[in-house]
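Visitor: Could you walk me through the aromatic rings here? I'm new to this one, so please take it slowly.

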Amino acid sequence: MATAATRDGVLLNIKQLSMEFSTTHGLLGRRQRSILAVDRVDLQVRRGASIGLVGESGCGKTTLGRCILRAYKPTGGELLYKRADDSMVDLAGLELGELKPFRPDIRMIFQDPYSSLNPRMTVLQIVGEPLRVNNLAKRSEIEDRVAEMLRTVGLRPEYLRRYPHAFSGGERQRIGIARALITHPRLVVADEAVSALDVSVRGQILNLLMDLQQEMGLTYVFVSHDLSVVEHLCDYVAVMYVGRIVEQAATADLFSRPRHPYTEALLSAVPVPDPSVREQKQRIVLGGDVPDPAHAPSGCVFHPRCRYVRDRCDTEEPDLLDLGDGRGSRCHYARELVLHGIVADGGRADGRLRSDTGPGAAT
């Protein structure tokens with residue numbers, strides 16, 4: 001977790017960011033419709049901290065992460081990135097050729113450790129490729145740098161010439177992490193980085209990510225649908241729904257007292273190991289599905305599924321209310337509603353997740 005000393009600046013300031021896709025439908029595909037996957041998002045990513053993007057599938061969190069990486073070119077808004085010399089640049093306005101100097105700085109850890117590694121390349125080639133493509137090391141230096149990075153992520157340097165099929169899922173994800181970090185980035189987008197792993201190794205990989213953050217001064221944007229993972233890894237949380245951020249807050253504040261009905265419903269689904277707490281907890285089941293972004297409801301986009309809905313919610317779109325201490329909620333009644341959260345259950349011990357085999361073991 002980031003310390004107070006590392007949270008003194010904003011590394012990435014996202015302002016009114018939008019990402020719109022056009023699709024064709026109808027006879028012969030002649031009709032077009034627009035899907036606003038990310039809708040006027042405002043978000044600050046603080047240097048050295050971890051921010052979690054959470055929400056149901058289809059809420060836009062992965063699309064936002066890919067806009068940050070500039071895998072997608074946003075259709076509106078700004079991505080104001082602070083360089084090492086403290087000058088600012090709008091990544092959203094740059095063309096592909098102009099983005100190359102920033103590729104080593106902003107890297108991604110992919111979800112699936114099986115499909116994200118080329119089966120025809122050795123570990124040396126996979127991890128060393130970003131150094132070669134970005135001209136960050138001489139050919140004679142690449143092997144030594146890759147070997148050192150493998151040690152850093154808990155793998156043996158002897159694995160350099162093995163192929164991905166020789167590794168378990170946890171080991172493959174460590175290779176993916178090594179590939180992302182070999183350029184010594186400042187900002188890392190982790191897209192569901194542990195969701196494809198067996199439960200027994202998730203804690204090890206999360207502990208590794210937390211250790212690497214401390215050692216390398218990394219800033220994480222952690223995309224996940226699993227709030228129990230976000231609780232342990234992230235300093236701040238932004239909750240997304242139909243392309244918009246409906247609540248943002250420090251992790252402890254959001255988990256203990258949510259200020260948006262959608263967040264309350266998400267938290268009610270988080271498993272609680274303590275039987276005495278679990279018995280008192282009531283699961284909130286939302287009716288219906290996440291709306292189609294191409295046909296979003298009028299007013300508050302959450303109102304068709306909200307159990308606190310009132311007449312105003314049907315017609316008037318709420319702003320992101322500033323609730324102080326960095327908290328914001330896109331609900332007309334955020335200051336009035338008393339919503340239920342969860343209390344930390346003790347799963348974290350000294351800032352780490354419990355693990356049967358220990359965080360340093362490659363599994």
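Visitor: What lies over the face of Tyr 333?

Guide: In this predicted model, Arg 310 lies over the face of Tyr 333, at 4.0 Å from the ring centre.

Visitor: And where does the charged end of Arg 312 sit?

Guide: The charged end of Arg 312 also sits over the ring of Tyr 333, with a distance of 6.0 Å from the centre of that ring.

Visitor: Switching topic: how many aromatic pairs does a search of the whole structure find?

Guide: The search finds 6 aromatic pairs, and one of them joins Tyr 81 and Phe 102, whose ring centres are 6.1 Å apart and whose planes stand at 90 degrees, so this pair is edge-to-face.

Visitor: Which parts of the chain does that pair link?

Guide: It links distant parts, since Tyr 81 belongs to strand 4 (residues 76–82) while Phe 102 is in the loop between helix 2 (96–99) and strand 6 (106–109), 21 residues apart.

Visitor: Is Tyr 81 buried or exposed?

Guide: Tyr 81 is buried, and Phe 102 is buried as well.

Visitor: OK, what about Tyr 241 and Tyr 262, how are their rings arranged?

Guide: Their centres are 4.6 Å apart and their planes are at 55 degrees, so the pair counts as tilted. This pair, too, links distant parts of the chain, with Tyr 241 in strand 9 (residues 236–241) and Tyr 262 in helix 9 (residues 261–268), 21 residues apart. Both Tyr 241 and Tyr 262 are buried.

Visitor: Which residue joins Tyr 241 and Tyr 262 in a cluster?

Guide: That is Phe 302, which ring pairs link with Tyr 241 and Tyr 262 into a cluster.

Terms used
Residues numbered from 1 in each chain as written. Predicted model: local features only at pLDDT ≥ 70, side-chain atom pairs only at ≥ 80, totals over all residues. Heavy atoms only, no water. Phe/Tyr/Trp six-rings, centres within 6.5 Å; stacked < 30°, edge-to-face > 60°. Helix = DSSP H or I, 4+ residues; strand = E, 2+ residues; numbered from the N terminus. Buried < 20%, exposed > 50% of the residue type's maximum accessible area, 1.4 Å probe, protein only. Lys NZ or Arg CZ within 6 Å of the ring centre and 35° of its normal.
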